[in-house]
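Please open the model in your viewer and keep the selection tool at hand. The stops below say what to select next and what is there.

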Amino acid sequence: MSAQDAIDFISDDIAEVGTLMRSLSGRYEGIFDNLRGAFGVALERADGIANAARDATAIADAAAAGFRRDIPNQPTLACASGCAACCHLYVQVPPGTAAVMAEHIAAHFTPAERASLRERLEAAAAAAHAVPDPARLRRPCPLLGSDNRCTVYEVRPLSCRAFTSRSVARCHEVVFGDNQDGSGVEQNAAHFRIHMQATFALEQAARHRRLPDRQKGLAEALLEEMDALGVKTA
């Protein structure tokens, strides 16, 4: 094989693979187009915004699991039970989410636990209202247990499900260090994108129902829903 033959052979091989990669890239983006459509149809059919939030979470969980199972080269995550650095970040929730959480609390917390939680929620809501940018707050989530585990893990918000990290040290640096920038933890892009699509779909579902569609701080939203549900603390 001459040098020119080798050049032609390699060039053709690269061109063929490039064509396949471009095709695959388009198909990969199609996953998210299809996911967005699936969210829209499912949430439109949901009976109420709380059930829409349940459906959005279930779809996002299934999509994220599918990526971990079937898409190669997914990043290895450092996240583990009891690792709670991200549980000190300010969290906002889309429509319906706090209602699902309030129902869970009413069903699973004792009156004493609900009373203690209300105190922590009120303190967190007051802290958020007292600063110009609550996103810069660093305080334990009111729902974080003494064992550094989420007390409502089954119904935790989409933003909590979305957050991932490849480095515990980086999480601690960003959350507890001198340069506290919550955006400084590298995310699994596909995983994060799935959960953001779920969030946007819930906002759209609320608008279609002529309900408030903006996200709220977790503490504020949960207090409102606990009051609306009549969750008793004694």
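**Stop 1: helix 7**

Select helix 7 and colour A190, H191, I194, H195, Q197, A198, T199, A201, L202, E203, A205 and A206, which are buried (under 20% relative accessible area; exposed is over 50%, partly exposed in between, with a 1.4 Å probe and protein chains only). Helices here are DSSP runs of H or I with at least four residues, strands are runs of E with at least two, and both are numbered from the N terminus. This is a predicted model, in which local features need pLDDT of at least 70 and side-chain atom pairs count only at pLDDT 80 or more, while totals for chains, interfaces and linings use all residues. Residues are numbered from 1 along each chain as its sequence is written, and side-chain values use heavy atoms, with hydrogens and water left out.

The buried residues of helix 7 pack against helix 1, helix 2, helix 3 and helix 5. From first to last C-alpha, the 20 residues of helix 7 reach 28 Å, close to the 28 Å expected at 1.5 Å a residue (1.5 Å times one less than the number of residues).

**Stop 2: helix 2**

Move to helix 2 (residues 49-70), whose end C-alpha atoms are 31 Å apart; this agrees with the 32 Å that its 22 residues should span. Its buried residues include I49, A50, T57, G66 and F67. What do the buried residues of helix 2 pack against? They pack against helix 1, helix 3, helix 5 (158-162) and helix 7 (189-208).

**Stop 3: M101**

Select M101, in helix 3 (residues 97-108). M101 has a relative accessible area of 0%, so it is buried. Leaving aside neighbours within four places in sequence, M101 is in contact with L143, V152, V155, P157, L218 and L222 (contact means heavy atoms within 4.5 Å). Draw a distance from M101 to L222: the C-alpha atoms are 7.3 Å apart, although the two residues are 121 apart in sequence.

**Stop 4: salt bridges**

Side chains of opposite charge can pair when their charged atoms come close. A salt bridge here is a side-chain nitrogen of Lys or Arg within 4 Å of a carboxyl oxygen of Asp or Glu, and the count comes to ten.

- E29 and R193 meet at 2.8 Å, N to O. This pair links distant parts of the chain, with E29 in helix 1 and R193 in helix 7, 164 residues apart. E29 is partly exposed at 33%, and R193 is partly exposed at 30%.
- R36 and D33 meet at 2.7 Å, N to O. Both lie in helix 1, three residues apart, about one turn of the helix.
- K216 and E224 meet at 2.6 Å, N to O. Salt bridges that share partners also join R118, E122 and D227 into one network.

**Stop 5: two loop residues**

Select N148, in the loop between helix 4 (111-129) and helix 5. Its phi is near 65 degrees, a positive value in a residue other than glycine. Then select R210, in the loop between helix 7 and strand 2 (216-217), where phi is near 60 degrees, again positive in a residue other than glycine. Is R210 buried or exposed? R210 counts as exposed because its relative accessibility is 78%.

**Stop 6: confidence**

Finally, colour by pLDDT, the predictor's confidence in each residue, from 0 to 100. The mean for the protein chain is 92, and 97% of its residues reach 70 or more. Confidence is lowest in helix 6 (residues 168-176), at a mean of 87, and highest in strand 1 (residues 92-93), at 98.
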